[in-house]
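Okay, thanks everyone. Have a look at this one with me, and I'll talk you through the sheet and the charged pairs.

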Amino acid sequence: MVQLSVNGVAHKYDGDPEMPLLWYLRDLLELAGTKYGCGAGLCGACTVHLNGKPVRSCITAMKDTAGMKITTIEGLSPDGKHPLQLAWQDLNVMQCGYCQSGQIMQAAGLLKEKPKPTDADIDAYMTGNICRCGTYQRIRSAIKKAAGVKA
């Protein structure tokens with residue numbers, strides 16, 4: 001039995017311990033904001049926070065979430081007004097939008113570690129979160145705006 005917290009709500013899971021966290025979130029809890037991308041932890045579309053750190057939920061087994069606190073894009077801000085979400089909207093970062101929840105979750109991890117990131121910090125931390133639309137410049141600008149750093 002795995003006991004975990006998802007977006008502040010306690011849950012119990014007694015299924016296959018090898019099942020990826022992504023399927024638990026999407027299929028069992030119906031939290032569809034976290035996306036399936038590559039299934040190999042390479043694209044970042046499935047990024048969520050595990051005890052406050054960004055992880056790829058497609059390669060995180062349920063057995064590894066015991067006692068952990070998981071935050072998804074739905075839990076980042078109850079009203080969708082996290083500074084990153086507002087900056088994303090203000091700067092029209094999204095194109096197709098598919099990767100954006102993972103991008104925002106990764107960026108939230110960055111701002112937790114480095115509240116005033118440089119371009120180099122952003123580029124290094126966001127590496128591995130792939131946007132097939134190529135919105136990287138707008139993503140960087142939105143992170144800076146959310147951080148209150150001059151673009």
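So, which residue forms a salt bridge with K53? It's E113, and the closest N and O atoms of the two are 3.7 Å apart. Keep in mind that this is a predicted model. The pair joins distant parts of the chain, with K53 in strand β4 and E113 in helix α4, 60 residues apart. K53 is partly exposed at 47% relative accessibility, and E113 is partly exposed too, at 46%.

Now the sheet around K53. We have an open sheet of 5 strands, in the order β2-β1-β5-β3-β4, with mixed pairing. β2 and β4 are at the edges with a single partner strand each, so one side of each has no neighbour in the sheet. From one strand to the next, the twist averages 35 degrees. The partner of β4 is β3, residues 47-50, running antiparallel over 4 bridges. Within that pairing, L50 has K53 as its bridge partner. Helix α4, residues 100-113, packs on the sheet and touches β3, β4 and β5, with its direction at about 40 degrees to that of β3.

Back to the charges: there are 7 salt bridges in the count. Another one is D119 with K144, where the closest N and O atoms are 2.6 Å apart. D119 sits in helix α5 and K144 in helix α6, so this pair ties together parts 25 residues apart in sequence. Is K144 buried or exposed? At 9% relative accessibility it counts as buried, while D119 is partly exposed at 30%.

How values were computed
Residues numbered from 1 in each chain as written. Predicted model: local features only at pLDDT ≥ 70, side-chain atom pairs only at ≥ 80, totals over all residues. Heavy atoms only, no water. Pairing = 2+ DSSP bridges. Helix = DSSP H or I, 4+ residues; strand = E, 2+ residues; numbered from the N terminus. Axes fitted to C-alpha atoms, helices over the stretch in contact; angles between N-to-C directions. Contact = heavy atoms within 4.5 Å. Salt bridge = Lys/Arg side-chain N within 4 Å of Asp/Glu carboxyl O. Buried < 20%, exposed > 50% of the residue type's maximum accessible area, 1.4 Å probe, protein only.
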